Amino acid sequence: MRAIMKRELAAAFRGMTGYLFSAFLLLFAGIYTMAYNLSGVYANFEYVLDAIAFLYLIEVPILTMRQLAEEKRQKTDLLLYSLPIRLSDVVLGKYLAMLAVLLAPCAVLALYPLLLTRFGAVPLATAYGALAGFYLLGACLLSVGLFISSLTESQVASAVLTLAALLILYFMSALASFVPAEAFASLIALIALVALFAFALYRLSRNPIVAIGAGLLGAGGLCAWYAADSAAFAGLFGRIMEQLSVFERFYGFVDGVFDLTSVVYDLSIIGVFLFLTVQSLEKRRWSE
Amino acid sequence: MIEVSHLTKRYGAHVAVSDLSFTIEKGGITGFLGPNGAGKSTTMNMIAGCLGPSEGTVRVGGFDVLGEPMKAREKIGYLPELPPLYADMTPREYLNFVAQARRVPRAKLAQETERAMERTRLCDVADRLIANLSKGYRQRVGIAQALLGDPEVVLLDEPTVGLDPQQIIEIRELIRDLGREHTVLLSSHILSEVQVVCDRIIILARGKLAASDTAEHLEALLSGGAPVRVLLRADETAAREALEGLAQVESASFSPEGDGCTRVELTPESGADVREAIFYRCAETRTPILEMGQSRASLEDVFLELTADDPGARGDSYDGDSHDGTPGDGRPGDRTPEGEKPEEAPPEETEVIL
């Protein structure tokens, strides 16, 4: 794992990617710090982080698109498959290297609140809490990007798909407000979600019985619940969307709430996507 | 060292490798020969654990490649068809990375990398970017990578493709060198290469095992029973009187040719040389011999025959370990004329690319 991580880290900083990643983030952080804190004389550094979170939409695909797609295209994945290292170590090594790349600009950003204290009282706790949230948000999105990169062998496809996925995540809470609040609509949406899940299960396992079984079980459970307590379904889908939005979770940190459930949620997202990435690589070994 | 049993790989309806079984003993170089699309690379990938088989198992050094993958893969150095190189690294960095991943102890890392580079003569380009290296050097980096950590088994998938003749000779020397310490499995579609380098040959055709034996045995297999053709100045009856009933001859055919000559074709028993007996018998009966010749099958013939497109051309696959049956039936009549095949044919010569 360490060998992979070292290689990836060296690769990021040998080319431009690592530097561009930092430079781009710091450039905008600088602009917003100047606008909000220096010109606007706000004492809150977290507003800057809030404003630059959208940069992840561009930065994350740039960092993740190469990771596994390029390995497959250049056939270097054969090396990874033949080396005596587990695929989980490969994925973890790559992921940790990306976290390290992300850490570089965040370490620089950590200096900003301290600098700002020269001009007055700065709520340091919220500033650093928000920075931790910012880093966690980035870590989450990177795991999503890494997974998407494992699905394709084209960097472009990987980048575009990641951008699309991140856009959906970014606008999820906004979209949630357009979701009809009626209980029945929620039921339909959830059943559609279950069907989608069952389809994904079928694609992964190639076992129609398991997939249809899981789908029917999920749909049946939802219907039973709906029959028992239809009031609980009112606005449920919208609430679920809001709860699932990693960006929404980050805004909690910006508001000065260091919510441990959000931390756990982010970590589980990371865990799930890294697991999926390992599975996707393992699947390549079997079909190709 | 390598045990492959009932290996099958299907891609949808297409069967790339079908029920392949063979065993490779420790040490020496085994050639893996077959025309393009015979399933060589697929099999190599499965032995290296890069590809899961649809059926069957592979054991390397006693470890199941899928059951105990880490232990099995530690024993394997693998050069895939395309060397898996990171173009943004230098050979030294790249080899260091692979050595680390192969769990070479930290203290030995530099030494191990240096050793691999010396063996493959990479030291001159050690600190240039792989992206800027020529194909020959890249291939060598790929081979160097397969030697790191001193694996017992080295799998090389078409290691000489795209190299110039000088490089090919160098790489072949290197491979011969490797065969002294490692068990090498080398795939190729170039017959002469396999002939020159390998101790043992496995021929693959359409995903099936066509033959598995030493090069000498494969050649002897056919040339032993190759018919002797004699042209006698005698009419058919006289020729029959002279040569019929010769010992160690399985069958004889007589066909008259013009000018009172007869063409006789004698098929000896496997392994027997009847040419002298023919001479003495003809001398006794005072039958002049105008011509005598024996066609000797080359490995090329064996290969062409075994991998012929018509699956019905031959019966079952031939395995050298079971010496029975009479080979040579159903062979194409057209053969290379008598002439010793040089043991060590220069590589540029007789390059049959199939």
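The model is predicted, so local features need pLDDT of at least 70 and side-chain atom pairs count only at pLDDT 80 or more, while totals for chains, interfaces and linings use all residues. Residues are numbered from 1 along each chain as its sequence is written, chains are lettered from A in the order in which they are written, and side-chain values use heavy atoms, with hydrogens and water left out.

**The interface**

The size of an interface is often given as the accessible area lost when the parts come together. Here chain B and chain A bury about 2500 Å² between them, 60% of it on carbon and sulfur atoms; buried area is the accessible area (1.4 Å probe) lost by two parts on being put together, summed over both. Cys50(B), Arg73(B) and Tyr86(B) supply 23% of the area that chain B buries against chain A, more than any other three residues. Contact (heavy atoms within 4.5 Å) involves 23 residues from chain A and 31 residues from chain B.

Between the two chains there are 9 residue pairs in polar contact, both at pLDDT 80 or more. A polar contact is a pair of N or O atoms within 3.5 Å; within protein, one must be able to donate a hydrogen and the other to accept it, and residues adjacent in sequence count only if both atoms are side-chain atoms. On chain B, the elements that each supply at least two residues to the side touching chain A are strand E1 (2-11) and helices H1 (40-48), H2 (69-74) and H3 (91-101). H3(B) gives the largest share, 6 residues.

**Strand E8 of chain B**

Strand E8(B) (residues 183-188) is largely enclosed by the rest of the structure, because 6 of its 6 residues are buried, that is, under 20% relative accessible area (1.4 Å probe, protein chains only). Two strands run parallel to E8(B); strands pair if DSSP finds at least two bridges between them.

| Strand | Bridges to E8(B) | A bridge partner pair |
|---|---|---|
| E3(B), residues 28-33 | 6 bridges | Leu33(B) and Ser188(B) |

**Ser41 of chain B**

Ser41(B) lies in helix H1 of chain B and counts as buried because its relative accessibility is 18%. The side chain of Ser41(B) makes a polar contact with that of Glu81(B) at 3.3 Å.

Definitions and conventions. Helices (H or I, at least four residues) and strands (E, at least two) are DSSP runs, numbered from the N terminus. Buried means under 20% relative accessible area, exposed over 50%, partly exposed in between (1.4 Å probe, protein chains only).
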